[in-house]
Amino acid sequence: MKKVAVLLSGSGVFDGAEVNEAVLTLLHITKQGASYQCFAPDIEQMHVVDHLRGEAAGESRNVLVEAARIARGEVKPLSELNAADFDALILPGGFGVAKNFCDFAVNGADMQVNEQVLAVGKAFVAARKPAGYMCIAPVLLPHIYGQGVRVTIGNDSEVAGAIEKMGGKHVDCPVHDIVVDDNHRLVTTPAYMLAENLVDAEKGISKLVEKVLYMAA
C-alpha cells in the first residue's frame, strides 16, 4: 500500500488549511487504495480569523492543534516527517499556506518559507518522490524545486506573476484539470483558487491524487 504524507497548515480557509480541499484529498487517497498520515508544524498561526464575520480575532492558535480538527486527532508534528517513510507528498491549500507555511500573504514574491516546510519539500525532491500541491500552495514551489518549475494556481494574474518573479513557470489551468511537471514529478491544480463549489474542487483534486499515486508506482 502506497503511503502519502499530507501537510496541513491549520484548519479554516482564511487562516489555515482549506477544509474541503483537505478532506477531498484524504478521501481520494483512500479511494485509490493508498494510506495517509497528516502532519503540521508545531507553531503559532500568523493570526486567527473569525470565519463567521471574516475579520481577525484577538486570540492565538497553534497550527498543529488546529490541524488535528481535520485529521480527527491523527496528526503528527512536521518535525517527525521522514520522506523515506512515504511514497508521495500532498499539500492542500488555504490561506494558512500563505500565512503559516510562508509569508506570501504579507510579502508576495519576496516571501520566505518556513524552514521545516522547506526541508520536507526538498527531501521529497531529493528522493525523486512525487508531490501534489493545490490552490495557493504552488507559491512554495520555486523555493522548493528551483528555477523553471511548471505549476498552476489557475489564472490569477497577480499570483501567477509572483510565481514567475520567483523563478517558476506558471501555466493557466481550468478548475477541473491539473498541470504536470514530469521532470520534477510534480502535479498542481487550482482547486479553490477557481472552484465555486465542492464539485468543482473535487474534479481537479481527484485527478491530482490519481496522478501523484501513479507517479509513485
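Cys135 is buried, at a relative accessible area of 6%. The structure is a predicted model. In this model Cys135 takes part in no disulfide. The nearest cysteine sulfur to that of Cys135 belongs to Cys102 and lies 12 Å away. Cys38 is likewise a buried residue, with 1% relative accessibility. The closest cysteine sulfur to Cys38 is that of Cys135, at 17 Å, which is too far for a bond. A disulfide would need the two sulfur atoms within 2.5 Å. Across the whole structure, the search returns zero disulfides.

Cys38 also has a place in the strand pairing. Its bridge partner in S5 is Val75. Strand S5 spans residues 75-77 and runs parallel to S2, to which three bridges join it. On S2 there is a further pairing, with strand S1. Strand S1 covers residues 3-7, strand S2 covers residues 35-40, and the two pair in the parallel sense over five bridges. Within this pairing, Lys3 stands opposite Ser35 of S2. Between S1 and S2 the chain passes through helix H1, residues 19-31. This β-α-β crossover is right-handed.

Strands of a sheet pair through backbone hydrogen bonds, either parallel or antiparallel. For S6 (residues 88-91) and S7 (residues 131-134) the sense is parallel, and three bridges connect them. Leu89 has Ala131 in S7 as its bridge partner.

The largest nonpolar core contains 69 residues. Leu89 is among the members that touch the most others, together with Leu81, Phe104, Tyr133, Val139 and Leu140. Helix H8 gives the most to this core, contributing seven residues. In soluble globular proteins, nonpolar side chains tend to be buried together.

Helix H1, which forms the crossover between S1 and S2, also carries His28. His28 is buried, at 7% relative accessibility. The C-alpha of His28 lies 6.0 Å from that of Ser206, although the two residues are 178 apart in sequence.

Charged pairs were examined next. Side chains of opposite charge can pair when their charged atoms come close. The whole structure holds five salt bridges. One of them joins Asp177 to Lys207, with 4.0 Å between the closest N and O atoms. This pair links distant parts of the chain, 30 residues apart. Asp177 sits in the loop between strand S9 (169-170) and strand S10 (179-181). Lys207 is in helix H8, residues 198-215. Both residues count as partly exposed, Asp177 at 28% relative accessibility and Lys207 at 33%.

A second salt bridge connects Asp50 and Arg53, whose closest N and O atoms are 2.9 Å apart. Asp50 is partly exposed, at 21% relative accessibility. Arg53 is exposed, with a relative accessible area of 57%.

Glu59 is partly exposed at 42% relative accessibility. Arg61 is also partly exposed, with a relative accessible area of 29%. Both residues belong to a network of salt bridges that also links Glu66 and Arg69.

Technical notes:
Residues numbered from 1 in each chain as written. Predicted model: local features only at pLDDT ≥ 70, side-chain atom pairs only at ≥ 80, totals over all residues. Heavy atoms only, no water. Buried < 20%, exposed > 50% of the residue type's maximum accessible area, 1.4 Å probe, protein only. Salt bridge = Lys/Arg side-chain N within 4 Å of Asp/Glu carboxyl O. Helix = DSSP H or I, 4+ residues; strand = E, 2+ residues; numbered from the N terminus. Pairing = 2+ DSSP bridges. Right-handed = clockwise from strand over helix to strand, strands pointing away. Core = buried A, V, L, I, M, F, W, Y, C linked by side-chain atoms within 4.5 Å.
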